[in-house]
Amino acid sequence: MLSSVRRARRESNVLVLPSPWVVLAVCISLAVSAPAPAAQAGLPGSLEAVEGIFDADEAWDVLEAIDPYFRMRGNDGYLRSVQKIFLHLKDAGFSEGSALEQLDTLEIRDFGPVRPAWTPLRASFSVTTPAVGKLHGFDDEAGLERTFVAVNSFPTGEAGIDAPLMRYERSKPPESYAGTIVVGDEPAETLFRRSVQEGGALGCISSYLGDYNRPDENRDAIRYCQIPYDEERRGFALNVSPNKYQVLDRLVDTGSVWAHVHIDARFTDARSRTLIARIGGTQPSAGTIAFVAHLDEPGANDNGSGVATMAAMASGYLRAIREGRVERPRRSLTFLWGTEFECSREWLASRPGPVDMALVIDMVGEDLQLTRAEPLVERIPDPGAIWDRRPLDVHSEWGRGDVRESDLHGTFVNDYVMAAMNIRRDATDWPVRSNPYEGGSDHESFLARGIPSVLLWHFTDIYYHTNLDRLDKVDRQEMVHVAVTTLALAHHFGMAGAERAQEVLDIVLEAARVRLAVEAENARAFLSPEVVRENPAQFDRVMQRERRIILAWSRWYREALLSVVNFEPDTLSPERLPLEERIDAALTELRQVEHEILEQL
Ligand SMILES: [Zn+2]
C-alpha cells in the first residue's frame with residue numbers, strides 16, 4: 001500500500017514536468033547530486049559517517065525495558081524509565097552534573113507544579129446481570145488491556161462497584177445519570193464531564209475510537225485516554241473495544257443490566273521529571289542542537305520508540321566521538337526526555353542558552369505494514385500549511401494546524417532536513433516524505449520562541465493511542481532510518497563551516513526553484529478551465545489568489561535563503577562575507593524567477 005502511495009507521488013511529480021522551471025530545477029538537482037570527491041564533507045558523507053554509530057539492539061533494549069510501564073507524568077513507571085535511560089547513558093560515558101567545564105553531562109531536573117501522578121495496578125469490568133461475565137481486565141500495568149481504564153480514574157476499593165448501566169443521550173438532563181454507570185459512543189472525556197461531573201454518575205463507559213484507528217476493522221482496539229483529576233467526584237471512565245461494545249450495545253436498552261467494576265490504581269504527587277543529556281561542542285560560543293522525545297504516554301511507538309531511539313543515538317554518538325570515529329562537533333547537542341510539551345517549554349524557560357535547531361522524535365518505530373503509517377517529517381510552518389496543494393503538500397490524517405500568514409518565517413531547516421531524508425530514501429527505498437505543519441508535539445515549544453524545529457514522526461498509525469500500540473508494532477529498521485538521518489543532520493550542522501553552508505544554500509535555492517515552478521503550474525491549472533477564463537470577475541479572483549500564493553512562497557524562500565547565514569556559528573568567520581555575497585546572488589535569482597512566473601501567468 002505504501003509503495004503505491006509513493007509511486008503515485010512520483011508520478012504526480014512527473015506530471016508537472018512540462019514546466020521549463022521544473023526541467024531546469026531537475027537538471028540542477030542532477031548536477032548537485034552527482035558524486036563529487038568533496039561529497040564526504042557534505043550531507044551524503046555525514047550519513048555515511050554516522051551509519052554504524054546507532055546500535056539498534058541498544059535501542060531495543062531500552063524499549064523493551066520501558067514497554068511494561070504505563071508511563072504518565074511523574075508516575076512509578078515514568079520514574080523507572082528515567083532511571084533506565086540515566087543508567088544507559090552513564091554507561092556510555094556521560095557524567096552526572098551540568099557544569100560547562102564538564103563536556104558530556106547528564107542531569108535530572110524536576111519541572112513544573114506538583115500534580116497527582118496515576119499508576120494503574122489492576123482492574124476488571126464485568127456484566128453481572130445478565131451473567132455475561134468479564135469484558136475487559138488486567139492484572140498489572142503491563143497487561144494487554146491496560147488502557148481500558150482512563151488515566152485519573154479513582155480506585156473503587158476492594159469490593160468494587162455494582163451499578164446499573166444506562167445509555168448516554170445528549171438530550172437527557174445530566175441529573176438523570178446519578179448513581180448509574182453511563183454507556184455511550186462519545187469520547188470518555190465528554191461522557192465523564194456530562195454524566196459524572198455534571199450529573200453524579202458513578203462512572204462512564206465509552207466505545208469511541210478515532211477514525212484513524214479504523215474501528216470497523218480494528219475490532220479489539222481499546223482507546224487510551226485521560227480524564228481530569230477530580231477528587232470530589234472520585235469517578236472513573238472506561239474504554240471498551242468495538243467487539244465488546246457490540247455486546248454492551250445489545251444489552252443496554254433491554255432494561256435491567258448491572259455491571260461490576262473493580263479498579264486498583266495509585267496516585268502519587270510528582271513534578272515533571274526531565275532527563276537532560278549534553279554532548280559538549282568544541283566552540284563554546286555556538287548554540288546547541290536540541291533533541292526531544294516525550295517520555296509520558298504508554299505506547300511502544302508513542303513514544304517508547306522515540307525515547308529508545310534517542311537514548312541509543314546519544315550513547316552511540318558519544319562513544320563514537322570518544323573512540324575517535326567521528327570528530328566532536330562545534331555545536332553542542334542536548335537531548336531531553338520528559339513530559340510532552342512541558343519538558344521542552346520548561347527547559348527553554350530555564351534559559352539554557354541559544355538553541356540553533358530542534359528535532360523532535362515522536363513515534364518513529366511504526367512497522368509500516370502493520371500500522372499503515374508513513375514516515376513523515378513535519379515542516380516548520382510555510383505557505384503549504386495555509387495553501388496545501390498537491391503534490392508537495394499532503395497532510396496526514398492528523399489534519400491541518402492553525403497557521404496564519406503572519407506566522408510564517410522562512411528558514412533553511414525544512415529543506416535541509418528533507419535533503420538528508422531524501423538521501424536515505426534514495427539509498428534504502430525508505431518511503432519518507434514531508435507534511436505541512438500540523439502541530440501537536442514538542443516542536444510547538446521551540447516554534448513559539450522562534451527556534452526552527454521539525455517533528456520526525458510516523459502517521460497514520462491505526463494503533464495510535466490504543467492498547468495495541470505495543471512492541472509487536474515496532475520495526476527496529478524504522479528506528480535505524482530515523483536515527484541515522486537525524487544523527488547525520490546533527491553531525492553536519494554541528495560541524496558547520498563554509499563548505500557545508502554553501503551546500504545548504506544550494507539545497508534551499510534548488511527547493512525554491514522547484515516550489516515556485518510547481519506553484520506556477522498549479523496557478524495555470526486553476527486559471528485554465530473555461531468557467532474561469534470566460535468570467536472576468538472569477539478569473540480576477542483566482543488570479544489574485546494565485547499571485548498571493550506565489551508571492552508568499554517567494555517571500556518565504558527569500559527569508560530561508562537569508563537564514564543560511566545562521567548555519568555557521570562563528571559570526572566573525574572570514575567566510576561570512578563570501579557566503580553573504582552568494583546569498584545575495586541567490587536572492588537575485590529568486591526574484592527573477594518570481595518576476596518571470598508572474599509575467600507569464
Ligand atoms: Zn507522542
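Two residues are in contact here if their C-beta atoms, placed from the backbone, lie within 7 Å. The model is a predicted one.

I start with helix H11, residues 413–428, and helix H14. In H11, the residues Asp415, Tyr416 and Ala419 meet Val504, Ile507, Val508 and Ala511 of H14. By class, this contact has six nonpolar residues, no polar ones and one charged. How do the two helices cross? Their axes come within 9 Å and cross at roughly 100°. H11 is therefore roughly perpendicular to H14.

An α-helix has 3.6 residues a turn, so residues three or four places apart point the same way.

Now the other partner of H14. H14 covers residues 498–527, and helix H17 covers residues 576–600. They pack at an angle of about 5°, with their axes 11 Å apart. Angles under 35 degrees count as roughly parallel, so H14 and H17 are roughly parallel to each other. On the H14 side the contact includes Leu505, Leu509 and Leu516, and on the H17 side it includes Ile583, Leu590 and Ile597. The residues of this contact divide into 13 nonpolar, one polar and three charged.

Next, helix H3, residues 43–50. Is H3 enclosed or open? Six of its eight residues are buried, so H3 is largely enclosed by the rest of the structure. The buried ones are Leu43, Pro44, Ser46, Leu47, Ala49 and Val50. What covers them includes H11, H14 and helix H13, which spans 476–495.

Is aspartate 55 buried or partly exposed? A residue needs 20 or more other C-beta atoms within 10 Å to count as buried, and 12 or fewer to count as exposed. Aspartate 55 has 16, so it is partly exposed. Leaving aside its neighbours within four places in sequence, aspartate 55 is in contact with Ala312 and Gly316.

Last, the strands. Strand E2, residues 104–129, pairs with strand E3, residues 133–138, in the antiparallel sense. How many bridges hold the pairing? There are five. In one of them, alanine 123 has phenylalanine 138 of E3 as its partner. A hairpin of three residues joins E2 to E3.

That is the end of my part.

Technical notes
Residues numbered from 1 in each chain as written. Predicted model: local features only at pLDDT ≥ 70, side-chain atom pairs only at ≥ 80, totals over all residues. Pairing = 2+ DSSP bridges. Helix = DSSP H or I, 4+ residues; strand = E, 2+ residues; numbered from the N terminus. Axes fitted to C-alpha atoms, helices over the stretch in contact; angles between N-to-C directions. Parallel < 35°, antiparallel > 145°, perpendicular 65-115°, else oblique. Nonpolar A, V, L, I, M, F, W, Y, C, P; charged D, E, K, R; others polar.
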